Structure formats: C-alpha cells, structure tokens
Amino acid sequence: MIEGSELSPRAIGALGSVIGVESCANAGEFRFFFADQRWEWSDEVARMYGYKPGAVEPTTALLLSHKHPDDRELVESAIAKVVDTGEPFCSRHRIIDTEGREHPVIVIGDYQTDENGAVIGTAGYYIDLTDALEGERNDVIEDVLPELIESRAAIEQAKGVLSLVYAVSADQAFAILRWRSQHTNTKLRDLAQQLVLDARDIDADRAGLRTRFDHVLLTAHERVVPEAD
C-alpha cells in the first residue's frame, strides 16, 4: 500500500485478486508530487505507455500527449483539479502507446501525505483493461470503486456542512477539512464522516449555532473510531 493513501488494504487486495499475480503487468503504481510537478511511475505503467522501464522520465506533458484526443481535455482538467484541491479522484479514459495501440484504463488516485500529514501530492494505481475479461472489469468496479465513492460522498457532505455554516465556497470548505485532517493526523474520510454525524446532533433552532459547530469541528477527531484494516 502506498504510504499516505486513503484506500484500504481491502480495496488494494481486491485489485490483486482480480488482476492476479501472473497478470501484474495489467496494473501499476504512480506518484505525483505537487511542489516540483514530478511524476514517478512503476515499470508496469511505463510499459502501458509503450516505454521500456527507465527509458523516459514521465512528465505531465508526456502523459497528456498519450491520451486519446477525445479524453485529453478531461484528463488535463482532472490533473489541474487534483493539484488545486488535493482531493481523491477516479478516471476512466484511454491512452495511446508508442505503437499506436489504444489502452482503456482506470486510474484511481488518492492524496499523498508526508510524515506530518501535510498533503504533498497524489498517489495511486493504473489498471489496464485492454485484455481484461468483462467479468474481471466488473469485479474491479464492484470491489474498488464503491469504497472510493463512499469516501468521496462523506467528504462532499462535510464540505456542504462547512459551506453552510461558515458561508464559504466548496474549495474553501475542503481546505478547512483538510487542515483539520492534517493538524489532528486523522484520515480525511474518517474525519468527514464524524463531522457529518456530529452536525446532525446540533439543534439548528438554538442560538449560538456557529459557536457549537466550531466546537464540533475542533473536536470531531477525538470521536473518530478508526476502522480495522
């Protein structure tokens, strides 16, 4: 499991069971560091693009040049958004390798943190669906994507609560949520879920709503019960 990733060992294990040890070339890892816009990819991902491992240095421009023309703008926007917000993402698009072959892929990315919990980039997995059986594709979607969707749902709900209470934009709400996650060393998804639960217990008809929510925001991490891996 990539250090700093929010995807659980169960989800990562699902990828392994679907792809299989003998077919590991169908999946690979990547990292993208925001500060210097630096990419790292595993040998498997390099081969998906048609390169021998170590032959080229991955860059944003190189990756975009291999996207299917109909998907390039979508992927470019996704990269810009993850740099701006640091939010987890999931993308299904097509890449064109150096031989001109088309590869449908699923890319699952999560935020990557340093030892202090600060978001420094994104990290995740490519899954090449070119040779996958239809049943295997469905297994990937059913086993992995629901967890990512559930995580995003909790985060979106928490952003909505913060936007309402503090009268801020969605991006500003996410920045507040991420700040509390980093400051308390609590997983973003867990903190978001707890914050939403706590907010439901606040009586909106009583005076001092903002003050009571301030307390909830600053103490929600104390009530988080981490899920067993």
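Q: What makes strand β1 (residues 27-33) largely enclosed by the rest of the structure?
A: In this predicted model, five of the seven residues of β1 are buried. Buried means under 20% relative accessible area, so a strand with that count is largely enclosed by the rest of the structure.

Q: How do you know that β1 and strand β5 (residues 119-128) pair, and in which sense?
A: Pairing requires at least two bridges between the strands. β1 and β5 have seven, in the antiparallel sense, so they count as paired. As one example, A27 stands opposite I127 in β5.

Q: What makes β1 and strand β2 (residues 38-41) a pair?
A: Four bridges link β1 and β2, and the requirement is at least two. The sense is antiparallel. The bridge partner of F33 is R38 in β2. The two strands form a hairpin with four residues between them.

Q: Why is Q37 called partly exposed?
A: The relative accessible area of Q37 is 42%. Buried means under 20% and exposed means over 50%. The value for Q37 falls in between, so the residue is partly exposed.

Q: How many bridges join strand β3 (residues 89-96) to strand β4 (residues 102-113)?
A: Eight bridges join β3 to β4, and the strands run antiparallel. The threshold for pairing is at least two, so β3 and β4 count as paired. I96 stands opposite E102 in β4. The hairpin of β3 and β4 has five residues between the strands, and G100 in this hairpin takes a positive phi near 85°.

Q: Which residues of β3 make up the covered face and which the uncovered one?
A: F89, S91, H93 and I95 form the covered face, whereas C90, R92, R94 and I96 form the uncovered one. In a regular strand the side chains alternate between the two faces of the sheet.

Q: Why is helix α6 (residues 170-184) called roughly perpendicular to helix α7 (residues 188-200)?
A: The two helices pack at an angle of about 110°, with their axes 9 Å apart. That angle makes α6 roughly perpendicular to α7, because the range for this label is 65 to 115 degrees. The crossing of α6 past α7 is right-handed.

Q: Which residues of α6 and α7 meet?
A: From α6 come F174, L177, R178, R180 and S181, and from α7 come L188, L191, A192 and L195. By class, the contact of α6 with α7 has six nonpolar, one polar and two charged residues.

Q: What is the phi of N185, and where does the residue lie?
A: N185 is a residue other than glycine with a positive phi, near 55°. Its place is in the loop between α6 and α7.

Q: Why does N185 count as exposed?
A: N185 has a relative accessibility of 66%. The cut-off for exposed is over 50%, so N185 counts as exposed.

Q: Why is T186 called buried?
A: T186 has a relative accessible area of 12%. Buried means under 20%, so T186 is buried. T186 also has its place in the loop between α6 and α7.

Q: Which residues does T186 touch, not counting those up to four places away in sequence?
A: T186 touches S181, L191, H221 and V224. S181 in α6 and L191 in α7 are also among the residues where these helices meet.

Conventions:
Residues are numbered from 1 along each chain as its sequence is written. This is a predicted model: local features need pLDDT of at least 70, side-chain atom pairs count only at pLDDT 80 or more; totals for chains, interfaces and linings use all residues. Side-chain values use heavy atoms; hydrogens and water are left out. Axes are lines fitted to C-alpha atoms, for helices over the stretch in contact, and angles run from 0 to 180 degrees between N-to-C directions. Angles under 35 degrees count as roughly parallel, over 145 as roughly antiparallel, 65 to 115 as roughly perpendicular and the rest as oblique. A crossing is left-handed if the near helix is turned anticlockwise from the far one by less than a right angle, and right-handed if clockwise. Contact means heavy atoms within 4.5 Å. Ala, Val, Leu, Ile, Met, Phe, Trp, Tyr, Cys and Pro count as nonpolar, Asp, Glu, Lys and Arg as charged, and the others, Gly among them, as polar. Buried means under 20% relative accessible area, exposed over 50%, partly exposed in between (1.4 Å probe, protein chains only).
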